[in-house]
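Thanks for making time, everyone.

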Amino acid sequence: MATITRAEVNVTSPGRNFVTLRLTDADGTTGLGDATLNGRELAVASYLADHLIPLLEGREADNIEDTWQYLYRGAYWRRGPVTMAAIAAVDVALWDIKAKRAKVPLYQLLGGQSRIGALAYGHASGREIPQILDSVREHLELGYKAIRIQSGIPGLGSVYGVAASAAGGGERYDYEPARRGIAGGERLAPVEEAWDTRAYLRHIPTVFEAVRAEFGPDLPLLHDGHHRMTPREAASLGKALEPYDLFWLEDCTPAEDQAALRYVRSQTTTPIAIGEIFNTVYDYQTLITERLIDYIRSAVTHTGGITHLNKIADFAAIYGIKTGFHGPTDISPVGQAAALHLDIALHNFGIQEYMKHSAATLEVFDTGYTFTDGLLHPGDRMGLGVELNDDLAAKHPYDPAYLPVNRLLDGTMHDW
Ligand code: GCO
Ligand code: MG
């Protein structure tokens, strides 16, 4: 047993912005938690520094569940991405400390090893079908055994999920960074993209037809609809994709509308994944109890940490629903490692999203996890297995940036 004696928030931008909490206990053991909320980073940094850190010093580091409940119930203002990312950072840092004190990799405290490694999916993309096929090939060469496919749409400019540059296969560091609206540091504003759902619905089945024709029926393929369809549109896409046997169709309708998936579910057997923007188990309540989804997509970082996501996963398990935790590069290596320890331990693990972080990010965050033959391995370091180098982090000051926004062709704001 040891009390928390120190808590510091680090904001760094090695290629993109990350917010990290470091807790230290009376014995000098340190733990890290990821608090990165892409495009809204400083809100979480302030929530931690101004509202949670004053409550942490002097608390018992071992009492993780009590600290979680204290911060969640104690706020009165429950849920929401800022609150839950801040609580997640505290929670993960405490798990890191506990595992380091026990001198075991964190997954040992979560039930031990349920599998030899976590199946990871990478992101293939391209503006045109030949580029998509090349991108799939590059991912296969890198060892990926499951691949997400995102495509440009005829008549539209830049589209969500399509890498800006052609180089790099599974190491497309430039994929979907939060971007400056106007180059040269003038007024900062989100890039505006244009969207046409009918063109999208016409085009996407032809992309999957081409990928299946080239790579055969076996390779697990995924696709992300990024909340852009109505239930009827999503049902029609799900049906059109049935011949291509997707591993999942993600975020087909706006995620806050749980009831929307009733119609989609009744119309198609394409597996459904949702939840990257969820914060608590209550966002999943209808979806899980009515068996409207197949995979939960939450990130440890945005869902109150390991303590809460572990409970969501157990709740899902009772209904035969599996995990597919969020893991784009806007989750820091600390958040990615936290997901991976859960992946290794949970019985109802399904798949883990994985995009390698940039070399600059991996210099600042020293990671113990590895990717071999399509599987992620947490490694045998104690705790999470990630350390933050403060000196290197200080070389990359915070760089404000927004995610893009999306408009229909007539200018109406739409979901990005
Ligand atoms: C995914 C997600 C991300 C989000 C990103 C926003 O499936 O990985 O959709 O790419 O767009 O996390 O910051
Ligand atoms: Mg997504």
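Let's start with a pair of residues: Glu-193 has Asn-406 in β17 as its bridge partner. Strands here, like helices, are DSSP runs numbered from the N terminus, with at least two residues (E) for a strand and at least four (H or I) for a helix. β6 and β17, residues 405-408, run parallel and are joined by 4 bridges. For two strands to count as paired, DSSP has to find at least two bridges between them. Step back, and you see an open sheet of 3 strands in the order β6-β17-β18, with mixed pairing. The edges are β6 (192-195) and β18 (413-414), each with a single partner strand, so one side of each has no neighbour in the sheet.

Quick housekeeping before we go on. This is a predicted model, where local features need pLDDT of at least 70 and side-chain atom pairs count only at pLDDT 80 or more, while totals for chains, interfaces and linings use all residues. Residues are numbered from 1 along each chain as its sequence is written, chains are lettered from A and ligands numbered from 1 in the order in which they are written, and side-chain values use heavy atoms, with hydrogens and water left out.

Now, the other open sheet I want to show you. It has 3 strands in the order β1-β2-β3, and the pairing is antiparallel. At the edges are β1 (4-12) and β3 (30-34), each pairing on one side only. On average, neighbouring strands of this sheet are turned by 20 degrees against each other, direction ignored. β1 and β2 (residues 18-25) are joined by 8 bridges, and one example is Arg-6, whose bridge partner in β2 is Thr-24. Helix α1, residues 41-56, packs on this sheet and touches β1 and β2, its direction making about 170 degrees with that of β1. For angles like that, axes are lines fitted to C-alpha atoms, for helices over the stretch in contact, and the values run from 0 to 180 degrees between N-to-C directions.

Next, β4 and β5. They pair in the parallel sense over 5 bridges, and Gly-122 has Ile-147 in β5 as its bridge partner. How many residues of β5 are buried? In this strand, residues 147-151, it's 5 of 5, where buried means under 20% relative accessible area and exposed means over 50%, with partly exposed in between (1.4 Å probe, protein chains only). In a regular strand, side chains alternate between the two faces of the sheet. Here both faces are covered: Ile-147, Ile-149 and Ser-151 on one side, Arg-148 and Gln-150 on the other.

Now some helix packing. α2 (residues 64-74) and α9 (residues 305-318) pack at about 95 degrees, with axes 9 Å apart. That makes α2 and α9 roughly perpendicular, a label for 65 to 115 degrees; under 35 counts as roughly parallel, over 145 as roughly antiparallel and the rest as oblique. Thr-307 is in α9 and is buried, at 7% relative accessible area. Its side chain makes a polar contact of 2.4 Å with that of Asp-91. A polar contact is a pair of N or O atoms within 3.5 Å; within protein, one must be able to donate a hydrogen and the other to accept it, and residues adjacent in sequence count only if both atoms are side-chain atoms.

Last stop: Arg-115, in the loop between α3 (81-102) and β4 (118-126). The Arg-115 side chain reaches the backbone oxygen of Asp-343 at 2.6 Å and that of Leu-346 at 2.7 Å.

Key. Contact means heavy atoms within 4.5 Å.
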